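Work through the following exercises with the model in view, trying each task before reading its solution.

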Amino acid sequence: MVLAVAILIIAIIVALIFIPKLKKQQDRKAIIVFSFLLLIGTALNMGIALKIHIPSPLDLITFIFTPIRDYIVSFTK
Amino acid sequence: MEKEIISSRQFTIVTFLYSIGTAILIIPSSITGAAKQDAWIAASIGVLLSLLVIKLFLTLANQTPSLNFIEANEKILGRFFGKITAICFLILTFLSAGELLYFIGIFMKTEVMPETPTLAFALLFSIIIMYAAYLGIETFARSAEILFPLFTFIFIFFVLSITPQITFENIQPLLEATKASMFYSIARFMSIFSFPLIVLLMLYPTGVNVQPSAQKGLYIGAIFGGIVLVTLIVLSILVLGPENTASRTFPSYALAQRISIGNFLQRIEIIMAFMWISSIYIRTFMYFYTTVVGLAQILKIKDHRPLIIPMGIIVIGLSQIVHPDIVHSTNYNNEIWPIFSFIFTILLPILLLIVVVIRNRKSKAQNNETPQQETENDNQKV
């Protein structure tokens, strides 16, 4: 719980430091991408700190490539 | 963003340390599991085949001398398909960066400091990676130049100290492995040693000042990295024996634990761990830098630096969720990673090369048919 709050505070500090700097450069795309990535990162880390079970993206990769793997293994059996 | 240039000697050193990467820790176990005591033969064949793979990468990179790999995707395949393949490639490098952070955490937690949570190691390591990405490629190449002599010295000391404990019976009988198990061993070896070398294509055409010696440097770095790995595999089999090597998660660490010179110089395995931490640092940095710079180039953002901190935060989170335990990690690295990396590091460059060759032939045919429109075609050529 303490860790989740600490992550939130760190994310807010990062946002407060970087967004004015980006606003000065007038790059709207960079601000949007930065905020989006920061949001995802904060949400992910808070989920880990609160011990929510987050499935691994490699499970998705494994799910996609398992048929190919079985096909290749069936060649060598 | 001003262009950053590294010398070809720095490029060779980065290739050498990058190709060793995590292989120095986990390769002996995964390929001995399939090929048993002939794993060193599989590794040597893998190193030789890697030279062909490097030739493929260099041929592709020389087709687009002023672009790195991500920009070449967009230029060759067109804006829509190029962006899709580049995003899939970036997913590969991003997940690999997270996986490597997981790896350093689990290694330190298992062997060195069992009571520390892996998040602490991942956090410390990722702060270094983020700061290195902020400082840029030139500083990184210089740090690799500093790490290289230390790495080589520790490695030679390691090899010399462990050779008194060799028993040649462990490597007999020779050539007992079946063709299928050799195929699996070679596939696993190359997927960790040579397929990821495509990430160095982010450096090669645009970031190096002398191109022919950089090409030689890529070959030389990979060959020396292969020599280091084959030596390590041979030593693991000779000293620990094939069953012992295959059943451990970190066989080279077990090898280092056995160093005992004159019953006096013992328990120095943590100095050996310096070797592995430096090679993992080089590899993690390259994956992370590729992801950040590639994302900035796909989205046409001029400066990639603001993206470093959010990506770093996501990568720290990724490192905690990417593998719930070591069994999942071993299964993924042995079964799925060879296929995943093959598709995006071998088939994708082959596809790009085929498209480039077809385009060159088409514009040459147009040049032969309509000599008046030659200037227009020259502007459209790749």
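**Exercise 1. Confidence**

Find how many contacts beyond four places in sequence the model has for residues 373-382 of chain B.

Solution. Among the elements of chain B, helix 16 (residues 374-380) has the lowest mean pLDDT, 45, whereas helix 14 (residues 308-321) has the highest, 92; helices here are DSSP runs (H or I, at least four residues), numbered from the N terminus. For chain B the mean pLDDT is 85, with 95% of its residues at 70 or more. This is a predicted model, in which local features need pLDDT of at least 70 and side-chain atom pairs count only at pLDDT 80 or more, while totals for chains, interfaces and linings use all residues. Residues are numbered from 1 along each chain as its sequence is written, and chains are lettered from A and ligands numbered from 1 in the order in which they are written.

**Exercise 2. Helix 1 of chain B**

Check the span of helix 1 (residues 8-20) of chain B, and then decide how many of its residues are buried.

Solution. Among the buried residues are Phe11(B), Phe16(B) and Tyr18(B), and what covers the buried residues includes helix 2 (23-35) and helix 13 (269-298) of chain B. Just after helix 1 of chain B, Gly21(B) takes a positive phi of about 45°.

**Exercise 3. The two chains**

Work out which helix of chain A gives the largest share of the side that touches chain B.

Solution. Begin with the totals: 26 residues of chain A are in contact with 25 residues of chain B. The elements of chain A that give two or more residues to this side are helix 1 (2-24), helix 2 (28-49) and helix 3 (57-75), and the largest share, 12 residues, comes from helix 2 of chain A. As for confidence in the complex, the predictor gives an ipTM of 0.92 and a pTM of 0.90.

Definitions and conventions: The expected span of a helix is 1.5 Å times one less than its number of residues. A residue is buried if 20 or more other C-beta atoms lie within 10 Å of its own, exposed if 12 or fewer, and partly exposed in between; C-beta atoms are placed from the backbone. Two residues are in contact if their C-beta atoms, placed from the backbone, lie within 7 Å. pLDDT is the predictor's confidence in each residue, from 0 to 100.
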